[in-house]
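Hi everyone, thanks for coming.

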Amino acid sequence: MIKLIMAPLEGVTDKTFRSCYYDHFPGLNAALTPFLPIPDGVKRVPLRNLKQVALPSESPVHEIPQLLVSEPSAFLIAGRALERAGYREVNWNLGCPSRGVIRKGKGSGLMPHTDHILEILDAVLPELNINLSMKIRLGLESRDECFRLLPRLREYPISGLTLHPRLGTQMYSGSVDLDGFEKALELYGKPICYNGDIRSPGDFRSLKARFPQVEEWMIGRGLLADPFLAQKILSEVSFPDIGVNADEGADIAEPVIHPLTHREVRDFIDDLLKRMKGQFQREIALINYLKGILLFTFELESMPSEFRKELLSLKTLKEWEKFRYKIYEYFDSQ
Ligand SMILES: Cc1cc2nc3c(=O)[nH]c(=O)nc-3n(C[C@H](O)[C@H](O)[C@H](O)COP(=O)(O)O)c2cc1C
């Protein structure tokens, strides 16, 4: 069974975006939420943090909250709060490459410290009554960090492991290290969810051919650039040559076999704006949010520079109303 999971993209795939996305573009089995930052020494987790994640009863797609923590007590306080609120799983972020996060010894800043990672798990796992999964990189500076960790991590009862085969120092660019991923699979000896640079059904096909044992696939930027990507992977394409049938995927009510139309783009953006309006007190904040989303979605990242400049200069909803027709025209001209 192929399982497709939305990767967390902080600042983009927030709760409102995700729920709007699921309604317009089906095909996902689960979504990992952007990290909830949990400060060291925290005494309780504010309710507004938990509200960023849909409860199992609220969403058609299973959402897994992610924590950015490096201290057992903060981890447990947040984990127990999630447990009380009804979540069944919590994910631990060991991949964030931001300098500020690494400086605090969190995210990929933890990867060089195998003993510390395992000490945290020793303290947290016996006390937590919900599943704990992890999302890691190959390392902060060297893939040896991951190769040291995995043979020991395999002894721990974590519920899942996702590996983005880049180093923290690479941020999100440079090539993914598929040889490193292969070695990680060998060293861990248990299932690993693959994440990184799946942008087309062809990318999925070649990765699945190389790693036939992998069943869970996490996709971030590719799902935004082409919101039909999950459906294309699951329904347009079957992979008899590598032993995958389309009906192994998630339920797809109506397979999409046409390229994305401007109407679908418009409906999604209009719906998202409607859902977002109540959440921003200032118009400019809403416009800035929209700009951030648009730079990632619908292949607009490769828009001509003049067009991008105009988008970035928008300040009011009135200006947006005029500009949006240009987006649709641009879209139809592609
Ligand atoms: C803007 C942005 C925000 C991200 N935020 C998170 C995050 O909150 N938690 C996390 O584990 N990874 C985060 N990531 C990493 C992605 O989840 C993913 O691992 C990475 O983009 C590679 O997958 P992709 O090539 O399919 O996008 C972020 C990436 C980007 C570009």
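Let me start with a question: how many salt bridges are counted between domain 1 and domain 2? The count is one. Please keep in mind as we go that this is a predicted model.

That salt bridge pairs arginine 275 with aspartate 23, and their closest N and O atoms are 2.8 Å apart. To the contact, domain 1 gives 16 residues and domain 2 gives 15 residues.

Now, the interface itself. The size of an interface is often given as the accessible area lost when the parts come together. Here, domain 1 and domain 2 bury about 1,400 Å² between them, and 66% of that is on carbon and sulfur atoms. There are polar contacts too: five residue pairs across the interface of domain 1 and domain 2. On the side of domain 1 that touches domain 2, helix 1 (15-24) and helix 9 (221-225) each supply at least two residues. Helix 1 provides the largest share of that side, with seven residues.

Let's finish with the rings. Searching the whole structure gives 14 aromatic pairs. One aromatic cluster is formed by Phe17, Tyr21, Phe25, Phe228 and Phe268. And there is a ring with a charge over it: the charged end of lysine 183 sits 4.6 Å from the centre of the ring of phenylalanine 147.

Technical notes:
Residues are numbered from 1 along each chain as its sequence is written. This is a predicted model: local features need pLDDT of at least 70, side-chain atom pairs count only at pLDDT 80 or more; totals for chains, interfaces and linings use all residues. Side-chain values use heavy atoms; hydrogens and water are left out. Rings of Phe, Tyr and Trp (its six-membered ring) pair if their centres lie within 6.5 Å; planes under 30 degrees apart count as stacked, over 60 as edge-to-face and the rest as tilted. A charge sits over a ring if NZ of Lys or CZ of Arg is within 6 Å of the ring centre and within 35 degrees of the ring normal. Contact means heavy atoms within 4.5 Å. Buried area is the accessible area (1.4 Å probe) that two parts lose on being put together, summed over both. A salt bridge is a side-chain nitrogen of Lys or Arg within 4 Å of a carboxyl oxygen of Asp or Glu. A polar contact is a pair of N or O atoms within 3.5 Å; within protein, one must be able to donate a hydrogen and the other to accept it, and residues adjacent in sequence count only if both atoms are side-chain atoms. Helices (H or I, at least four residues) and strands (E, at least two) are DSSP runs, numbered from the N terminus.
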